Amino acid sequence: MRFFAKWKSISPSLSVYSNNFVLNPEESIAQTSRALLRAAALLATLPIILAAQDATFKIPPQKIPFTFKDQQAYIVASATVSMLAKTSDVQTFRLQLNADLTGLQENLTPLLAAQLDKDDKCGERIAIQQATLTPAPPAAVATVQLHYERFACVKAFGKQQAKRLVAGNAVVPIRMTPAVEQDNTQLRLNPEVGEIQADGSLGELLHNGSLGEMIREKIRDSILHAMQKGANLSATLPPAAQPYATIASAQFQDAGAGHLAVQLIGEIRVPRDQLQAVTQQLKSRVAAAAR
């Protein structure tokens, strides 16, 4: 270690200064004092150096809530922060965040229903019947079954009557691939609509009309909003580390038995004067989460 190399360079000097004390006591005292001050300064930085070198902080899983209507569900997130490299000014840590999205999968139907269900007498009626989210690494596939009707109201004999124009059932598969926003701190989802199965003219509306675009965007936004709760760096990292953390890549993973997870890889680049504060808070976060 660099610390011990520095110590070896100081310790022989102390011995030499001691041997020369008899010949020139005043100079030897001054030289010895300077050497001792350097040694004391090095010892003072030892806790920080040892904390950063070969340090790995494993933040245990934490339950992070997300809400829809009057319901609440959870995403479980954990993180590993390990020493990667350092310069004279910056200590760089590797960040790996894993979020278990099982809670999102189990609640996807009511989550999307809260965003998409409509019942307009003289307009659209949408009912989400079932929704699933399955791993397809590095992406995931949301498959949504829905019933759709469109009505128009006309007046006949002085009364308003609703006339049904379109009705049918559809299965809409959307493949979503996670990516990182330009600020390197937030996720986004890139949706790609698969082969839609739909009754009659409903298929044409979903493929080419604004209806299909609206459904795709709401499905993506609903899933992304819930995901961001668990993948938000502030939900897992301590405050001192958050300003220095960035995300480089993101991908969905198959966590086994059909469970979906998302993994983020990034860095925490800590200025040297903030290293002690960051490492102390990481230690505290690990200890607090473990209790």
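Predicted model: local features only at pLDDT ≥ 70, side-chain atom pairs only at ≥ 80, totals over all residues.
Visitor: Where does Ser222 lie?

Guide: Ser222 belongs to helix H6, which covers residues 210–231.

Visitor: Is Ser222 buried or exposed?

Guide: Ser222 is buried, because its relative accessibility is 8% and buried means under 20%.

Visitor: What does the side chain of Ser222 reach?

Guide: The Ser222 side chain reaches the backbone oxygen of Lys218, at 2.7 Å.

Visitor: And which residues does Ser222 touch, not counting those up to four places away in sequence?

Guide: With those left out, Ser222 touches Leu111, Leu112 and Gln115.

Visitor: Staying with H6, at what angle do the axes of H5 and H6 cross?

Guide: The axis of helix H5, residues 200–208, crosses that of H6 at roughly 65°, and the two axes come within 4 Å. The crossing is right-handed.

Visitor: Which residues make that contact?

Guide: From H5 the contact takes Leu202, Leu205, Leu206 and Asn208, and from H6 it takes Ser210, Leu211, Gly212 and Ile215.

Visitor: Now to the strands. How many bridges pair E3 with E11?

Guide: Strand E3, residues 90–100, and strand E11, residues 260–271, are paired over 11 bridges in the antiparallel sense. In this pairing, Val90 stands opposite Pro271 in E11.

Visitor: How many bridges join E10 to E11?

Guide: Strand E10, residues 245–254, is joined to E11 by nine bridges, and these strands run antiparallel. Phe252 stands opposite Val262 in E11.

Visitor: What is between the strands in the hairpin of E10 and E11?

Guide: Five residues lie between the two strands of that hairpin, where Gly256 takes a positive phi near 95°.

Visitor: One more residue, please. Where is Arg188 found?

Guide: Arg188 is in strand E8, which spans residues 187–193. Arg188 is partly exposed, because its relative accessible area is 30%, between the limits of 20% and 50%.

Visitor: Which residues does Arg188 touch, again not counting those up to four places away in sequence?

Guide: On that basis, Arg188 touches Thr177, Pro178, Ala179, Val180, Glu181 and Leu224. A polar atom of the Arg188 side chain lies 2.9 Å from the backbone oxygen of Val180.

Visitor: And how many residues apart are Arg188 and Met176?

Guide: Arg188 and Met176 are 12 residues apart in sequence, and their C-alpha atoms are 9.6 Å apart in space.

Terms used
Residues numbered from 1 in each chain as written. Heavy atoms only, no water. Buried < 20%, exposed > 50% of the residue type's maximum accessible area, 1.4 Å probe, protein only. Polar contact = N/O pair within 3.5 Å; in protein donor to acceptor, adjacent residues only side chain to side chain. Contact = heavy atoms within 4.5 Å. Pairing = 2+ DSSP bridges. Axes fitted to C-alpha atoms, helices over the stretch in contact; angles between N-to-C directions. Left-handed = near helix turned anticlockwise from the far one by under 90°.
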